[in-house]
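Hi,

Here is the structure I promised to pass on. Have a look first, and my notes follow below.

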Amino acid sequence: MKFYTALQARLNSLRTEDDGATAVEYGLMVALIAVVIIFAVTALGGTLNDIFTGVEEDIRPVAG
């Protein structure tokens, strides 16, 4: 009877542990953040390049 009680207690503790689920949730959040960063860099990359090119042309000394 002690073995059955100990086994039942262990099975109940496994059902209530959610460390694995938490790790999966954090993994999904990190993946989503990475996708958003990649999308933002891709979408804004050309615009930022145009801005820096314009600044470079503005501060470059005029050859006369």
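Of the protein's 64 residues, 0% count as buried (buried is under 20% relative accessible area, exposed over 50%, partly exposed in between, with a 1.4 Å probe and protein chains only). Bear in mind that this is a predicted model, where local features need pLDDT of at least 70 and side-chain atom pairs pLDDT 80 or more, while totals for chains, interfaces and linings use all residues. Numbering starts from 1 along each chain as its sequence is written, and side-chain values use heavy atoms, leaving out hydrogens and water.

The fold has two helices and zero strands (DSSP runs numbered from the N terminus: H or I of at least four residues, E of at least two). The accessible surface is about 6,000 Å², 70% of it from carbon and sulfur atoms (Shrake-Rupley, 1.4 Å probe; for residues, only the protein chains shown count as cover).

There's a nonpolar surface patch made of Leu44, Leu48, Ile51, Phe52, Val55 and Ile59, together about 620 Å² of accessible area. Patch members have over 30% relative accessible area and no salt bridge, with nonpolar side chains (Val, Leu, Ile, Met, Phe, Trp, Tyr) joined within 5 Å and like charges within 9 Å. Val55 sits in helix α2, residues 19-59, and is partly exposed at 42%.

The structure holds one salt bridge (Lys or Arg side-chain nitrogen within 4 Å of an Asp or Glu carboxyl oxygen): Glu56 with Arg60, 3.1 Å from N to O.

Cheers
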